[in-house]
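Have a look at the sequence and the 3D structure below. We will walk through the strands first, then a salt bridge, and finish with the core.

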Amino acid sequence: MIQRIISWLSALALAATLGACATPGTQPDEIDLRAGVIEQITLVQLQSNQHAGVGAVVGGLAGLGIGSLIGAGTGRDVAMVLGAVGGAFAGNAVQKKYDQPLAGQQIVVRVNNGVLVSITQPTNPNLFNGQRVYIQGSGDGARVVPR
């Protein structure tokens with residue numbers, strides 16, 4: 001009898017906890033869409049989306065692997081260390097060559113309720129001041145698109 005009561009209370013507590021966690025909001029397939037007019041467009045430089053240090057890590061691992069194929073014993077250990085260091089430098093140099101900033105736009109849009117919203121995104125040559133646009137999404141994922 002006591003176990004049955006404990007089971008029911010546990011189930012009730014679990015249902016209450018799950019119900020409290022459920023909050024209404026945007027579903028994964030819903031898109032927040034707001035309409036407005038472009039007030040200002042400023043050209044900016046965007047950081048590239050490449051992760052810093054990845055080239056050095058990949059180069060170091062490649063150098064380590066190649067160094068492990070050379071020699072035996074202490075000579076192999078030295079070759080592995082030199083391969084890892086040399087590969088890290090080479091990988092870093094290659095990443096710096098391709099890690100260039102991207103052209104972008106900071107767009108200020110006055111939405112229909114009068115609020116100004118600033119969005120920074122890659123350059124879209126189809127946008128101009130005074131144009132009616134939609135703002136798709138929110139936060140870092142927001143984009144300005146023509147109507």
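## How the strands pair

Keep in mind that this is a predicted model. Let's begin with strand β1, which covers residues 33-46 and pairs with β4 in the antiparallel sense over five bridges. To find one of these spots, look for Arg34, whose bridge partner in β4 is Ile135.

Strand β1 also pairs with β2, again in the antiparallel sense, over 10 bridges. Here you can look for Gln45, which stands opposite Ala103 in β2.

How many salt bridges does the count come to? It comes to one: the side chains of Glu39 and Arg110 meet, with 3.4 Å from N to O. Glu39 belongs to strand β1 and Arg110 to strand β2, so this pair ties together parts that are 71 residues apart in sequence.

## The nonpolar core

The largest nonpolar core has 11 residues, including Ile38, Val109, Leu127, Ile135 and Val144. Two or more residues each come from β2 (102-111), β3 (116-122) and β4 (132-136). Which element gives the largest share? That is β2, with three residues.

Leaving aside neighbours within four places in sequence, Ile135 is in contact with several residues, among them Val109, Val111, Val117, Ile119, Ala142 and Val144.

Key:
Residues are numbered from 1 along each chain as its sequence is written. This is a predicted model: local features need pLDDT of at least 70, side-chain atom pairs count only at pLDDT 80 or more; totals for chains, interfaces and linings use all residues. Side-chain values use heavy atoms; hydrogens and water are left out. A nonpolar core is a set of buried Ala, Val, Leu, Ile, Met, Phe, Trp, Tyr and Cys residues joined through side-chain atoms within 4.5 Å. Buried means under 20% relative accessible area, exposed over 50%, partly exposed in between (1.4 Å probe, protein chains only). Helices (H or I, at least four residues) and strands (E, at least two) are DSSP runs, numbered from the N terminus. Contact means heavy atoms within 4.5 Å. Two strands pair if DSSP finds at least two bridges between them. A salt bridge is a side-chain nitrogen of Lys or Arg within 4 Å of a carboxyl oxygen of Asp or Glu.
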